[in-house]
Amino acid sequence: MGRVVVEVMPKPEILDPQGKAVVGALPRLGFTQFSGVRQGKRFELEVDGEVTPEILAAAREAAATLLSNPVIEDVVSVSDAAAVPGEASGTPVSA
Amino acid sequence: MSATEPAPVAAAAGIAEARIGVITFPGTLDDRDAARAVRLAGAEAVSIWHADESLQDVDAVVLPGGFSYGDYLRAGAISRFAPAMAAVVDAAKGGMPVLGICNGFQVLTEAHLLPGSMVKNDHLHFVCREQSLIVENAHTAWTNEFRRGQQITIPLKNQDGQFVADERTLDELEGEGRVVFRYDGWNPNGSRRDIAGITNERGNVVGLMPHPEHAVEPGFGPASAEGPRAGVDGLTFFTSVLSSLVHA
């Protein structure tokens with residue numbers, strides 16, 4: 001089974017209120033190193049077979065038409081999870 | 001039918017036969033209020049389910065507020081692909097009056113019938129208040145019975161109500177007189193240039209964040225000069241569209 005990962009971020013010029021709330025909370029936990037946070041979205045699209053170039057093309061189209069709104073968001077990446085180091089297993093990176 | 005509704009204000013004008021569709025998506029909250037507003041204005045309200053492919057020959061359409069499809073992806077993002085929306089987009093391009101309220105406004109932007117988009121309120125809080133607005137364009141299908149510069153008060157309730165668009169689009173909207181309503185006194189959500197509602201080039205499609213359908217009947221509206229809960233400024237949206245249909 002294959003997996004395509006799509007990442008969407010708010011456009012740089014759009015104020016990201018969610019990121020603003022997070023950056024406000026970090027110092028309260030002692031994380032004073034971070035001066036800014038922007039919060040985006042990650043989609044994992046599963047396919048039954050391999051991730052072919054056609055599947056990737058379809059994922060790019062889905063990313064542009066449904067998964068993001070080009071007025072407020074940018075699609076920053078559409079990738080085959082198997083081709084990205086650390087992504088193949090789908091297990092989260094532990095702390 | 002409209003004849004069974006109490007005191008429709010436009011019935012005497014001979015436009016009681018107008019049929020206005022109200023679309024219900026999964027998660028729509030204000031469809032009944034919108035249908036009631038339509039009937040109080042003197043027209044027949046026609047319920048349209050999001051999965052319907054036909055608009056049942058209505059003369060105008062209202063996309064009410066709420067949380068269509070739970071706003072799961074983005075507010076209005078999934079509704080845009082509902083079968084009824086394909087019909088709305090076609091009808092809107094043909095000149096049919098379409099009003100999008102709150103979530104309905106977001107659906108119209110997602111469907112590219114109106115420019116820009118809505119993001120979370122700048123202060124991140126849900127806001128619910130009686131909102132003062134200034135009417136900037138009294139020539140649209142939904143505002144022709146207002147005066148330009150008129151102050152009106154209707155309820156506002158949203159979390160994702162911050163209207164955003166790039167500067168070029170904003171300049172274009174201003175230059176073409178397509179800003180229909182501006183927030184008055186206080187900008188409740190950080191919307192660019194205090195914009196509360198906009199229209200398309202033709203003036204048949206209008207979207208706004210505040211809720212005219214909640215200010216249509218004395219006793220159930222916002223406070224007004226006439227007394228508490230007496231405000232019925234929202235009714236003018238619905239009587240306006242009836243006159244635009246008559247004069248079409």
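## Strand pairing in chain B

Two strands count as paired when DSSP finds at least two bridges between them. In this predicted model, strand E10 (residues 195-199) and strand E11 (residues 205-208) of chain B are joined by 3 bridges. Their pairing is antiparallel. B:Thr199 faces B:Val206 of E11(B).

## The sheet

E10 and E11 belong to an open sheet of 9 strands in chain B. The order is E2-E1-E3-E4-E11-E10-E9-E6-E7, and the pairing is mixed. Strand E2 (44-49) and strand E7 (151-158) of chain B form the edges. Each has a single partner strand, so one side of each lacks a neighbour in the sheet. On average, neighbouring strands are turned by 25° against each other, direction ignored.

## Nonpolar cores

In soluble globular proteins, nonpolar side chains tend to be buried together. The largest nonpolar core here has 76 residues. B:Ile20, B:Val22, B:Val38, B:Val61 and B:Val62 have the most contacts inside it.

What does B:Val22 touch, leaving out residues up to four places away in sequence? The list is B:Asp31, B:Ala34, B:Ala35, B:Val38, B:Ala45, B:Ser47, B:Ile48, B:Val62 and B:Pro64. Another core, of 8 residues, lies apart from the largest one. Its members include A:Val4, A:Ala59, A:Ala63 and A:Val78.

## Contact between the chains

How many residues of chain B are in contact with chain A? There are 12, and they meet 9 residues of chain A. On the chain B side, 5 of the touching residues are nonpolar, 3 are polar and 4 are charged.

Technical notes: Residues numbered from 1 in each chain as written. Chains lettered and ligands numbered in written order. Predicted model: local features only at pLDDT ≥ 70, side-chain atom pairs only at ≥ 80, totals over all residues. Contact = placed C-beta atoms within 7 Å. Nonpolar A, V, L, I, M, F, W, Y, C, P; charged D, E, K, R; others polar. Helix = DSSP H or I, 4+ residues; strand = E, 2+ residues; numbered from the N terminus. Axes fitted to C-alpha atoms, helices over the stretch in contact; angles between N-to-C directions. Core = buried A, V, L, I, M, F, W, Y, C linked by C-beta atoms within 7 Å. Buried ≥ 20, exposed ≤ 12 C-beta atoms within 10 Å, placed from the backbone.
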